[in-house]
Amino acid sequence: MASQVEEEGYSLAPDDQEYFKECVAIIDEHQIDIDEEQVLELLQITMRWPEESLQTLNHCGMVSNDYFTNSGFLNYEKWKRLYDYGFPSQLHNVLDLTPQLRSLNDKLYEVKGSHTCANFYMSKGSKTRRASFNPHHHDYHVIVKPIYGKCNWLIGEDMREIVPGHILILPAYTPHAVLQSEEPRLSLTLNVSS
Ligand SMILES: [Fe+2]
């Protein structure tokens with residue numbers, strides 16, 4: 001079942017509007033079933049996670065990524081410790097991880113003509129730890145597809161609860177941040193503009 005598109009206020013050059021709408025529809029309708037346990041399993045694949053493929057934020061909003069081995073790959077146990085404390089992580093370029101993600105990349109490839117860059121944002125949730133990056137914006141449109149867990153976003157000046165089943169579109173230059181994330185959550189963030 002198609003979900004509700006949360007934000008219609010994006011603007012693109014007229015030539016790009018149809019392209020963007022097509023991408024939104026593909027992402028909106030594409031089912032992605034992956035739970036916390038499966039993501040944690042994927043993170044245990046040796047040599048899939050080189051440095052720069054995964055970042056965790058410390059409470060001050062700085063990247064904390066001292067969990068890589070001497071050969072430059074993820075030390076899962078070290079990372080998991082931060083995860084269990086509730087710190088959020090960003091996993092880069094994840095559209096190769098599961099058949100459903102690969103299929104989404106294939107569908108987008110047909111309209112985009114190149115691989116789509118998409119990241120996972122995940123955390124175990126915490127009442128006291130930072131939920132994500134400070135409010136910021138991008139010079140491209142971002143499409144967010146929540147996979148599991150709810151969280152509260154700051155979008156512009158409004159706070160909104162975002163739950164799975166709703167696509168969120170962040171038009172270029174819109175300030176945004178996840179401010180509260182108290183339960184395990186995973187969202188897929190896609191950049192179809194570059
Ligand atoms: Fe962002």
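## Basis and confidence

The model is predicted: local features require a pLDDT of at least 70, side-chain atom pairs count only at pLDDT 80 or more, and totals for chains, interfaces and linings use all residues. Residue numbers start from 1 along each chain as its sequence is written.

The mean pLDDT of the protein chain, where pLDDT is the predictor's confidence in each residue from 0 to 100, is 90, and 92% of the residues score at least 70. Helix α2 (residues 36-42) has the highest confidence, at 98, and strand β1 (residues 4-5) the lowest, at a mean of 46. Over residues 1-7 the pLDDT stays under 50, and the model has 17 contacts beyond four places in sequence for this stretch; two residues are in contact if their C-beta atoms, placed from the backbone, lie within 7 Å. Where pLDDT is low, the predicted coordinates should not be read in detail.

## Overall architecture

The protein chain contains 4 helices and 10 strands, which are DSSP runs numbered from the N terminus (helices H or I, at least four residues; strands E, at least two). From the N terminus the order of elements is β-α-α-β-α-β-α-β-β-β-β-β-β-β. The radius of gyration, taken over C-alpha atoms, is 16 Å, close to the 16 Å that the globule rule gives for 194 residues, so the chain is as compact as a globular protein of that length. That rule is 2.2 Å times the number of residues to the power 0.38.

Along the principal axes, the C-alpha atoms fill a box of roughly 50 × 35 × 30 Å. Of the contacts with a separation of 6 or more, 74% are between residues 24 or more positions apart.

Buried residues make up 28% of the 194 residues. A residue is buried if 20 or more other C-beta atoms lie within 10 Å of its own, exposed if 12 or fewer, and partly exposed in between, with C-beta atoms placed from the backbone.

Apart from neighbours within four places in sequence, I27 is in contact with L104, I143, K145, I167 and L190.

## Strand β5 and its partners

In strand β5 (residues 142-148), 5 of the 7 residues are buried. Strands pair if DSSP finds at least two bridges between them. β5 pairs in the antiparallel sense with β8 (residues 166-170) over 3 bridges, and V142 stands opposite L170 in β8. A further 5 bridges join β5 to β10 (residues 185-191), also antiparallel, with I143 opposite L190 in β10.

I147 lies in β5 and is partly exposed, because 18 other C-beta atoms are within 10 Å. Residues up to four places away in sequence aside, I147 touches I32, I34, P164, L186, S187 and L188. Its C-alpha atom is separated by 7.4 Å from that of R185, 38 residues apart along the chain.

## The three-stranded sheet

An open sheet of 3 strands has the order β7-β6-β9, with antiparallel pairing. β7 (158-162) and β9 (176-180) are the edge strands, each pairing on one side only. Antiparallel strands β6 and β7 are joined by 5 bridges, and I155 stands opposite D158 in β7.
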